[in-house]
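Colleague: I would like to learn how to read a model like this one, going from its elements to its surface and then to its contacts. Could we take the features in turn, with the general idea before the case at hand?

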Amino acid sequence: MSQVNLLSPPSHISPDTARKLSLKAPLILSHPPTSSLPWPLSLLFSRETPESWTIHENLFYSSLRTGDETSARQILERMEARFGDQNERIITLRGIYNESIAQSNADLERVFDGYEKILREDPTNMSVRKRRVAVLKALGRTQDAITAVTVLLQNSPTDVEAWAEASELYASQGAWGQAIYCAEEVLLVMPNAWSAHAHIATLHYLSTASNSPPSLPALALSLKHFCRSIELNDSYLRGYYGLKLITSKLISVLSDSASASNKRGNNQDDDEVPIPKIATVKKLEEIATSKLGEIVRNASSGKTGWTGYDQAELIAARELLDGGGKIER
Amino acid sequence: MAQPVVQTIHRDPALFWWILLPITVVMILTGILRHYAMTLLQTTPKKQDLPKIRQQRSLVRGVNLRTNANVLSPSSFQARKAYMVQAYQEGKFLADPESRGKPRPNPMSDPAAMEGMMGMMKGNMAMMVPQSLIMGWINAFFSGFVIMKLPFPLTPQFKSMLQSGVGTRDLDVRWVSSLSWYFLTLFGLQPVYNFILGSNNAANQVTQQMAMSNPGAGMMGPEQDPDKLFLNEAENLEVLDHQWILEGIEERLVAKFAA
């Protein structure tokens, strides 16, 4: 894995990385970027750059993650002193801080009321709107969170983060249709995000889990999206995992329906999702199996160029290979 | 005739210390001062209100749908298209649905547009005032001095540019007068400002003059009727030829790995 720094941390930070990042807090806190000298001299002697504040913000997040609330408080105070407490981002950061020190649901409710008040004054503060959704989610009020995020999306329908969050929320409620719709909106903004393709594929797959003869079009769509995510990134472990899972399921379903009769196939002629041929599916399964094996083998032996995979995902992939696809998620 | 006679002018070395250098230093300092004055004069851009944000982003959503439609399956694309086209045609996302179909009000009466013009006025003032002051100063004290000689020859067309304020016809073009040195520094100091103040400084006259020469460009955006934009986008969506990128992806992938 490449060297982790505070200026551009990876989007997904493992607990270990977060701990390493937050260990830098004392050093950064002991060197304030703004100068303590009186006015004209302070202009000359400050070491302040835009980057120093990015570092502060990222350090703030990782100290909160590791429970280092005193450092977080100090960083927050420093940023408030620099940008004023009416700054939109500072308001959000303070909200995050208050959320993380909240001990009980009552505390969280209080934070929530604070957000309501901020939003009454300035309804355009999108990041506070997002925090509001997060608090509702933390309180376990998923329905309210869904309502809040839909209001946010009505006003800002190009917000990828919010669409993804809405998709997760709907999925947690088992509303697969809505979840898939939201995930497709994510794709419309970022058409080449392989993780978004894999997410849609997962949703399609999960939506088939409830009905006992799994619906073929949903499975076929899921297969297509997993294929696309692999086409975009041919070392994407999750994509291969899903591909293997889907293909093994599809093979059994397809051979069932083929042996049953052809009238099922006739019914689906008017459906526009083309059902893949069983030969293709079998080939895809072979590809997925061999690639999964390759990734697991190389990653666990720590070969160069094969690092960076999530440990949990590797273990899951190994189990899938060993169990021959009997794992149901 | 052999070589043309090379003109030599004996210049007092004090000219360098008392004219060339002061003009240059004053010009650099004025640029820095202008940068800070502009930073102080700048009004913070006014926040958009929620309906405006909604209107703008809804339009962007339609554009996104059009450009990235190929990731969607035909059925979900058709559903989205039907919804978006209908909403656009009904003007669902408009910031103020009442004024739909009415002609746009005069931009002069719109306070937001006025603010933009005020900002431009301020910029112009911060540029004009020091410029005329310095030019007056140079004219009063240093007019008529020939202060330097360029190390390379030039064509006579440059005479008016390099020797303004010196009324001699036969003087070689390579001699530069003080007023011309002022103009040269006025337009040529941009790299120096970039070095001192960072690249997006406000000390630059040239870019400001560029911005001034087409003031309409920055204001055309809000000037357009959003309803027209929406109807336009609805039409674009209607005629879009949808192709699904996932069509036949299984075979593509198999072929890719077989290769």
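Modeller: Helices and strands here are DSSP runs, a helix having at least four residues and a strand at least two, and they are numbered from the N terminus. The model is predicted, and in chain B the elements run α-α-α-α-β-α-β-α-α-α-α-α-α from the N terminus on, which comes to 11 helices and 2 strands.

Colleague: Where does UniProt place the feature "transmembrane region" in chain B?

Modeller: The unreviewed UniProt entry places that feature at residues 15-37, 127-148 and 179-197 of chain B, and such annotations may be inferred rather than shown by experiment. In the model, residues 15-37 of chain B are 100% helix and 0% strand, with end C-alpha atoms 31 Å apart, whereas residues 179-197 of chain B are 95% helix and 0% strand, with end C-alpha atoms 26 Å apart.

Colleague: Which residues make the nonpolar surface patch of about 670 Å²?

Modeller: That patch is made by B:F16, B:W17, B:W18, B:L21, B:V25 and B:L29, and one of these residues, B:F16, lies in helix α1 of chain B, which covers residues 14-41.

Colleague: How is the size of an interface often given?

Modeller: It is often given as the accessible area lost when the parts come together. Between chain B and chain A the buried area is about 3200 Å², of which carbon and sulfur atoms give 64%. Within the share that chain B buries against chain A, B:L50, B:R80 and B:E250 supply 19%, more than any other three residues. The contact takes 34 residues from chain B and 40 residues from chain A.

Colleague: How many salt bridges does the rule find across the interface of chain B and chain A?

Modeller: The rule finds 5 salt bridges across that interface. B:R80 also meets A:E185 through their side chains in a salt bridge, at 2.8 Å from N to O.

How values were computed: Residues are numbered from 1 along each chain as its sequence is written. Chains are lettered from A and ligands numbered from 1 in the order in which they are written. This is a predicted model: local features need pLDDT of at least 70, side-chain atom pairs count only at pLDDT 80 or more; totals for chains, interfaces and linings use all residues. Side-chain values use heavy atoms; hydrogens and water are left out. Patches are made of residues with over 30% relative accessible area and no salt bridge: like charges are joined within 9 Å, nonpolar side chains (Val, Leu, Ile, Met, Phe, Trp, Tyr) within 5 Å. Accessible areas come from the Shrake-Rupley method with a 1.4 Å probe; for residues, only the protein chains shown count as cover. A salt bridge is a side-chain nitrogen of Lys or Arg within 4 Å of a carboxyl oxygen of Asp or Glu. Contact means heavy atoms within 4.5 Å. Buried area is the accessible area (1.4 Å probe) that two parts lose on being put together, summed over both.
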